Structure formats: structure tokens, C-alpha cells
Amino acid sequence: MKDAHVFSHYKEAVIGAVVDLAAEHPEIVFLDADLSSCIGSTTFQKNYPDRFFNCGIAEANMAGVAAGLASMGLVPFIHSFGCFASRRDYDQLFISVGYTHQTVHVIGSDPGITAQYNGGTHMPFEDIALMRQIPGMVIIEPSDAQSLYELTLQVYANGHSSYIRTPRKGICYRYSPEDKIELGKGIELRDGKDIAIIATGALMVDAAIAAADALKAKGINATVVDLHTIRPLDTELIERVACRTGHVLVCENGRYAGGIGEMIAYHLSQVHPVKMGFLNVGERFGEVGNLKYLSGAFGFTADGVVAKAEELLGK
């Protein structure tokens, strides 16, 4: 296991996990879409030059090549920016990978507003919705470097295709190597009785924690859940916090339609209906800006979460 201090960016954590896996599993190969310097897959190329393939700016072809390699017993990890890894690859991922039951692990980097200055054309708000339509596809969005590293190891061990949603830049350490991080099991970071805030990814989990602190100062005790695994959904945890609080606010760096909030709302409507609120991008396209500006513009801040929580609670 990697020590927590070795990574300086999220991209180093995910590539570090793949490199470590490749040391033990010679069937692992890596395919990139001419973005090796952006994600740091040059590290994999340096260590395993015969198992690295730069497919160029031809993402759909890359997914098809990965499916062919998988059919021969190899286990490909492939990378592109999330907009291309989901939208442009989709037919190949659905048919050549999903329909034929091949195992390919897709790294979709810079999801949602974390694409920042690449702007609206590069902001995948719908990637989770798309990947949810591929039967058996595991979807993760870890909230720190340690969980990103650990869960990347675990999606490989799981044996099913996966979509790894992660920013490239920045770093956050929420967990230590000793903390239990388990695929398919969310982590309860705060324990409150008034409202449950369920968030995914570093951006939204950070905002949720800060919001919980601000709400506590107002006499509102919030549960905060880091839902690092989107699929399979941790229904046991979701039901537990819904029963405890009676109010669930879902925060996601993406669109509601087909996203995490819709998935949780559907499940709870079947087993334990509660009052729900949703913080997401709504019916908007992305725009150009830095993360601070974009977070404010879309309400992905502690203040934005507090406002949604108070609205849900009728405060």
C-alpha cells in the first residue's frame, strides 16, 4: 500500500495504483488518447513500454482497441478527459465492451466543472448517466488521493468494467492508509439527526463537510456521507441515514437526469420515502473559469449546500 504523502496530484494517485497493479499482473495494459503528459501515464510507459499504447486523438478507436485486447485475455486501463472517455467512446464501450462482456477500466479525468478553463465543451455532466446504462459497469468518484488509490486497486480486483471519475490537478487527504475504504461501501464522515448530506468527489464532499460545520453553528446537526462508489449503490447506508434524518440532500458535480440524486431518489421511493433536495448543475452547460469561480457560479460551495439544506428543512 502507498503511504499517503507520496502523491502531489490526483493523477499521480490513480496512475500510481495502475503502475503498482501492473507490477503484479502482467495482463494489465494502458491505452491513452495522446494525453499521457496530462494524466501522468508516462510513468506507466516508462515502467512497461511494451504494455503502453498511445492511440492518438481517436478515443472511440481506443475503446475498440481496448475491447479487442480484453478479448485476448488482457486487462486494459484507458484514459481520456471525461467528456471524451464517456461521450465520444460511448458506442464502443456499450457494444464492444459491455455487450460482449469484456473487462475494461475507463479513467475519465476532470469531470464536471473541474475541467475549468477547458470550458463547457470539456465538462461532462452526463458521464455518470451514460455509464449507468451499461450493465455491470462499476462507477467510482473518490474524494481524496488515498481512496482514489485504494479504490482503483479494488475495481481491478472486482473483475468488472469500471469508470473512474477523477480530477487531475489538486490534492486532498481525507483518509490515511489505515482507514477502511471498501468498494461499494460509502463512508459516514459526520453523524447528525436533522439532515443527511450525501456527496461524491473531493469538490462536493469538501463543501458538504464545511456546510455541516456551518449548519451546526445554527443548531442543525447534519450527517455527511462520502459516497465514493456510485455503482454498486450502498443502499444499506443510504436507507440508514434516510431513516435517521427524514431529509436527504444529494450533492453531485453533474446533472440530475440519470445521476446520483435520481438514483438515490428512485431507491428511497421504493423502500423509505423521505423529503429530498438536490444540488447539481441543473439544466445548464459548463463555462470557462477557474474552480473557485465555477464553484460559486454553480453553487458548489459550503454556502450553496447550506442554502439547499435550509430550503429542504423549511428554515
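Leu31 sits opposite Ile78 of strand 3. The model is a predicted one, with local features requiring pLDDT of at least 70 and side-chain atom pairs counted only at pLDDT 80 or more, while totals for chains, interfaces and linings take in all residues. Residue numbers start from 1 along each chain as its sequence is written, and side-chain values rest on heavy atoms, with hydrogens and water left out.

Strands here are DSSP runs of E with at least two residues, helices are runs of H or I with at least four residues, and both are numbered from the N terminus; two strands pair if DSSP finds at least two bridges between them. Altogether 7 strands make up this open, mixed sheet, in the order 2-1-3-4-6-5-10. Strand 2 (52-54) and strand 10 (229-231) are the edge strands with a single partner strand each, so one side of each has no neighbour in the sheet. On average, neighbouring strands of this sheet are turned by 20° against each other, direction ignored. Axes are lines fitted to C-alpha atoms (for helices, over the stretch in contact), and angles run from 0 to 180 degrees between N-to-C directions. Helix 4 (residues 59-71) lies across strand 1, strand 2 and strand 3, at about 170° to strand 3; contact means heavy atoms within 4.5 Å.

A further open sheet has 5 strands in the order 7-9-8-11-12, again with mixed pairing. Its edges are strand 7 (187-190) and strand 12 (275-279), each with a single partner strand, so one side of each is left without a neighbour in the sheet. From one strand to the next, the twist averages 25°. Strand 8 (residues 195-199) and strand 9 (residues 222-226) go together in the parallel sense over 5 bridges, with Val224 in strand 9 as the bridge partner of Ile197. Helix 11 (residues 260-271) lies across strand 8, strand 11 (247-251) and strand 12, running at about 170° to strand 12. Helix 13 lies across strand 8, strand 11 and strand 12 too, at about 150° to strand 11.

Helix 13 (residues 302-313) also packs with helix 9 (residues 201-217), at an angle of about 60° and with the axes 8 Å apart. That makes helix 9 oblique to helix 13 (under 35 degrees counts as roughly parallel, over 145 as roughly antiparallel, 65 to 115 as roughly perpendicular and the rest as oblique).
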